[in-house]
There are 2 protein chains.
Amino acid sequence: MKQSSSTRVKEPTSAEAEAYAYVLKRIRAGELKPGARLRAEDIATQIGMSRMPVREAFRRLDTEGYVTIRPNRGAIVTDHTFEEIQELFEIRSVLEGLATRLAVEQIGPPEIEEMRELLRRMRKGQKNAEDWLSRHWAFHEYICSLSGRQRLVREIERLHAALEPFLRLWFFHANRPVVAIRDHQELMNVIETGDAAKAEAAMREHVLITAPRIIEFLQRRDDT
Amino acid sequence: MKQSSSTRVKEPTSAEAEAYAYVLKRIRAGELKPGARLRAEDIATQIGMSRMPVREAFRRLDTEGYVTIRPNRGAIVTDHTFEEIQELFEIRSVLEGLATRLAVEQIGPPEIEEMRELLRRMRKGQKNAEDWLSRHWAFHEYICSLSGRQRLVREIERLHAALEPFLRLWFFHANRPVVAIRDHQELMNVIETGDAAKAEAAMREHVLITAPRIIEFLQRRDDT
DNA sequence: GTTTGGATACCTGTATACAAGCATGCTAGA
DNA sequence: TCTAGCATGCTTGTATACAGGTATCCAAAC
């Protein structure tokens with residue numbers, strides 16, 4: 001029986017899109033680690049195309065921050081410095097703060113219920129780092145999307161994706177979800193009050209609190 | 001006599017970089033207006049190269065928001081909707097707010113003096129829209145750079161560049177600098193107090209105030 | 001033993017060639 | 001005269017070929 005188009009995984013319309021999706025997926029999954037070299041030729045043969053669309057995908061990935069193209073010396077998976085990670089968290093904190101402030105105006109009982117459901121799923125996924133990461137992001141993404149600002153959500157998504165490999169490292173080694181669940185519960189309590197300014201401040205705080213934890217972890221890791 | 005490298009205009013190292021700079025310059029200058037079609041072939045011949053580096057430049061410009069690539073139907077200069085312009089201002093406001101808050105910690109008498117000098121230059125450039133635009137941006141950029149956050153400055157620069165064509169339209173037709181100078185003076189007064197939170201709020205307000213003015217102008221313009 | 005220079009091989013960057021998709025205009029039929 | 005359908009030309013998208021730069025490895029000299 002033929003699969004319905006809604007359940008079928010959407011196929012990239014162009015070779016470039018396929019290359020882009022393939023590389024990004026492998027970076028986000030942690031298979032391609034920060035600093036790893038990306039040979040256009042290799043990736044091209046892996047997915048059955050020429051180097052050209054792969055090169056174009058690299059450009060996009062570079063602009064978005066996932067990949068760093070070094071002139072005449074090829075592309076590598078971006079390896080952020082501690083300062084850059086700190087900055088990315090700072091930027092994300094104000095953008096998610098903005099999204100939250102705008103979202104509060106749109107929140108009614110059904111949205112609260114949806115947020116509670118997403119929080120429950122996070123709790124259930126505590127054991128598995130991969131589950132936790134995706135459910136955690138689903139919670140944040142839902143709040144941001146309530147702002148109704150597409151471009152803003154896209155920018156936040158970009159920043160989050162750039163940080164994800166580091167979040168992953170952290171979760172796999174430090175098992176932080178227990179305290180993190182409580183943080184999210186408190187964040188939700190503030191959002192529920194409907195006070196836009198307080199909600200914005202709470203989200204800012206919430207995002208920023210992770211930065212020093214991760215950076216400290218990465219520093220300890222580098223020392224050994 | 002050989003020119004010193006500091007005064008020489010930096011030459012792009014690659015054909016792609018040259019194509020990128022060329023197209024961006026023409027977009028920012030307003031020669032390529034929103035909605036205008038971009039033919040890779042034409043641009044390639046204009047600057048003496050093949051389509052390939054131009055295509056790659058298009059990808060970068062698309063990711064950064066200057067250009068929109070429509071699959072199989074070529075690239076056009078991005079024509080933002082009013083909602084998107086509003087969003088871009090909102091995003092810029094919180095990012096510049098963040099930069100300002102961080103900058104305040106770094107500000108001493110010499111920085112205040114530099115800001116005053118930039119403000120004076122803005123005043124002198126009131127008559128000419130092009131002068132005003134570049135000096136206005138120089139003022140903002142200086143404050144942001146004091147934050148010491150490279151990535152943050154880059155993101156703000158990107159957003160500003162995307163809005164610049166619309167700012168230009170506005171200035172050319174509405175001649176707003178007079179009131180704008182006063183706005184900037186007031187902003188500086190707050191920054192000088194050294195109160196980080198107030199400075200952040202003031203910068204946010206300052207950036208946002210322009211949004212409705214421009215959007216109203218563009219709407220009136222579209223109606224006629 | 002270590003360092004410097006050069007040769008070689010590999011990879012990146014650009015151009016050209018080829019394939020595929022879209023738009024425009026013409027023709028035929030109503 | 002207007003519309004639908006098809007054919008043709010133009011533009012985009014991808015592959016391959018070629019040129020230019022970088023890194024590595026080995027040999028020779030200090």
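**View 1. The contact between chain A and chain B in the predicted model.** Chain B contributes 22 residues to this contact, and chain A contributes 22 residues. On the side of chain B that touches chain A, the elements giving two or more residues are helix H3 (51-64), helix H4 (82-104) and helix H7 (150-174) of chain B. H4(B) gives the most, with nine residues. Sorted by class, this side of chain B holds eleven charged, seven nonpolar and four polar residues.

**View 2. Pairing of S3(A) with strand S1 (residues 37-38) of chain A.** S1(A) and S3(A) run antiparallel and are joined by two bridges. A:Leu38 has A:Ala75 as its bridge partner in S3(A).

**View 3. Pairing of S3(A) with strand S2 (residues 67-70) of chain A, and the hairpin they form.** Four bridges link S2(A) to S3(A), and these strands run antiparallel. Within S3(A), A:Gly74 is the bridge partner of A:Arg70. Three residues stand between the strands of the hairpin. In this hairpin, A:Asn72 takes a positive phi near 65°.

Key
Residues are numbered from 1 along each chain as its sequence is written. Chains are lettered from A and ligands numbered from 1 in the order in which they are written. This is a predicted model: local features need pLDDT of at least 70, side-chain atom pairs count only at pLDDT 80 or more; totals for chains, interfaces and linings use all residues. Two residues are in contact if their C-beta atoms, placed from the backbone, lie within 7 Å. Ala, Val, Leu, Ile, Met, Phe, Trp, Tyr, Cys and Pro count as nonpolar, Asp, Glu, Lys and Arg as charged, and the others, Gly among them, as polar. Two strands pair if DSSP finds at least two bridges between them.
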